[in-house]
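User: Hi! I'd like to go through this structure with you, one piece at a time. Could you start with a pair of helices?

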Amino acid sequence: MAAERVVVDECRGVLFVYSDGAVERRAAPGFATPVRDDGSVEWKDAVFDAARGLGVRLYRPRERGGGRLPVFFYYHGGGFCIGSRTWPNCQNYCLRLAAELGAVVVAPDYRLAPEHRLPAAFEDAENALLWLASQARPGGDTWVAEAADFGRVFVSGDSAGGTIAHHLAVRFGSASGRAELAPARVAGYVQLMPFFGGVERTPSEAACPDDAFLNRDLNDRYWRLSLPAGGATADHPFSNPFGPASPDLAAAEFAPTLVVVGGRDLLRDRALDYAARLAAMGKPVEALEFEGQQHGFFTIDPWSAASGDLMHAVKLFVDTDGGGGARLDG
C-alpha cells in the first residue's frame, strides 16, 4: 500500500509541498486586500520573457506634464517562494509609487522555488532589467519609451526583492555591466528590508517572536526551499553576501544604495551590518531604520504613516539621484 501523501512544507496558505515531491500553488494570496485604484495611474501588462512565460506590470501617472519620468523597478518579496506582480498588496504599493514618485514603475515576476531554485530568480531579474533597456532602442514599446527617462533607472525590491536588488547591483556594477544596459543607466538601488541569511543567528533573529509576520521558522523554510539542492546552507553566496564562499564585494562599483530597515524586523541586524560593511569599503550605501516597524510594513499597509514616511524618503532618494541622503523629516 502506497504511503499517504502529506504536506511537508507550507508557505502562507499559498504554497504546499508534499511528501512525494509534488508542489501545489494557489493563484491568489492567503489574505484579502482590496486594490485602491483612484484612476490617477494607468497600467498595463507586458511579457519580458516569452519562453518562460514571465510578465511585467507597468505603471505611469496619467498626468505627466512635458518631461520624462524616472523608472522605478519593484521586485516583489516572498522568500523566493511566493508572490506575484498581480497580487493586490503589490498592486497597491506600485500604484502609490507611480503616483507619488512621479515615475514609470516596472514590477516583474520571476520564477519561484522550490520548482525553480536560485539562481533562477536572479537570472529572471537580470532579464527584466535588460528588457527595460531594450525598450530604449528602436522598436521598443512606445508606452514605456514615450514616458521613461532611461538615464534615471532605480532598482528596488522588498525582502527577497531587496536581495535581488543586491545581486543586480553586483551583476551590473562594472564598466562591462553598465555597457550591457546602455542606453539605460541605473542611477540607484533601494533595498527594502533585504532578505539576507546566515547560519549563525543574529540578535534580532534570536529575539524574534514566533507570532512575527516573518519569524524564524518561515525564514528558515524559505531558504530551505529556495537555495540550491544538495545541502546548501544559509551561508551560501545567494543568501549571505559575506559568507565564507561569497565573492569579495570590494571591486563592485555600487550605484548609490538605500537600505531600508525595520526596527522590529527579524532581518534588521543583517541589513544594518550589510550597509555598514559596504560603507566601510567606501561604497555609497546608507541605511534608514524605521523604529518599531515589522517586516514588510509598507506593503501590509501602504497608506500607514510609516509607509508615508518611507515614500517621502524614497522620493528624496530618486529626486536627487541618490544624493539627497536617507533621512526622515521631523
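**Helices, loops and contacts**

Analyst: Happy to! In this predicted model, helix α2 (residues 120–134) and helix α4 (residues 160–171) have axes that come within 10 Å and cross at roughly 65°.

User: Which hand does the crossing of α2 and α4 have, left or right?

Analyst: It's a right-handed crossing, with α2 passing α4.

User: And which residues meet there?

Analyst: From α2 you have Ala121, Phe122, Ala125, Glu126 and Leu129, and they meet Thr163, Ile164, His167, Leu168 and Arg171 in α4. The residues of this contact divide into six nonpolar, two polar and two charged.

User: Nice. Now α1 and α10: at what angle do they cross?

Analyst: Roughly 50°. Helix α1 covers residues 88–101 and helix α10 covers residues 305–319, and their axes come within 10 Å. The two helices are therefore oblique to each other. The crossing of α1 past α10 is right-handed.

User: What makes the contact on each side?

Analyst: On the α1 side the contact is made by Tyr93, Arg96, Leu97, Glu100 and Leu101. The α10 side brings in Ser307, Gly308, Leu310, Met311, Val314 and Lys315. By type, the contact of α1 with α10 has six nonpolar, two polar and three charged residues.

User: Those numbers skip along the helix. Why do residues three or four places apart point the same way?

Analyst: An α-helix has 3.6 residues a turn, so residues three or four places apart point the same way.

User: Got it. Switching to α7: which of its residues are buried?

Analyst: Helix α7 runs over residues 216–226, and its buried residues are Leu218, Asn219, Arg221, Tyr222, Trp223, Leu225 and Ser226.

User: What do the buried residues of α7 pack against?

Analyst: They pack against two strands, β1 (7–11) and β2 (15–18).

User: And which residue caps the N-terminal end of α7?

Analyst: That's Asn215. One of its side-chain oxygens lies 3.3 Å from the backbone nitrogen of Asp217.

User: Why does Arg85 count as buried?

Analyst: Its relative accessibility is 13%, and buried means under 20%.

User: Which side chains does the side chain of Arg85 make polar contacts with?

Analyst: One is Asp45, at 3.4 Å. Another is Asp109, where a polar contact of 2.7 Å joins the two side chains. Setting aside residues within four places in sequence, Arg85 also has contacts that include Tyr59, His76, Cys90 and Gln91.

User: Tell me about that partner. Where is Asp109?

Analyst: Asp109 lies in the loop between β7 (104–108) and α2. With 13% relative accessibility, Asp109 counts as buried. Beyond its neighbours within four places in sequence, Asp109 is in contact with Phe48, Leu54, Gly55, His76, Ser84 and Arg85.

User: Last one: is Gly322 buried or exposed?

Analyst: Gly322 counts as buried, at 14% relative accessibility. You'll find Gly322 in the segment after α10.

User: What does Gly322 touch?

Analyst: Not counting residues up to four places away in sequence, Gly322 touches Phe154, Pro256 and Phe317.

Note on methods:
Residues are numbered from 1 along each chain as its sequence is written. This is a predicted model: local features need pLDDT of at least 70, side-chain atom pairs count only at pLDDT 80 or more; totals for chains, interfaces and linings use all residues. Side-chain values use heavy atoms; hydrogens and water are left out. Axes are lines fitted to C-alpha atoms, for helices over the stretch in contact, and angles run from 0 to 180 degrees between N-to-C directions. Helices (H or I, at least four residues) and strands (E, at least two) are DSSP runs, numbered from the N terminus. Angles under 35 degrees count as roughly parallel, over 145 as roughly antiparallel, 65 to 115 as roughly perpendicular and the rest as oblique. A crossing is left-handed if the near helix is turned anticlockwise from the far one by less than a right angle, and right-handed if clockwise. Contact means heavy atoms within 4.5 Å. Ala, Val, Leu, Ile, Met, Phe, Trp, Tyr, Cys and Pro count as nonpolar, Asp, Glu, Lys and Arg as charged, and the others, Gly among them, as polar. Buried means under 20% relative accessible area, exposed over 50%, partly exposed in between (1.4 Å probe, protein chains only). A polar contact is a pair of N or O atoms within 3.5 Å; within protein, one must be able to donate a hydrogen and the other to accept it, and residues adjacent in sequence count only if both atoms are side-chain atoms.
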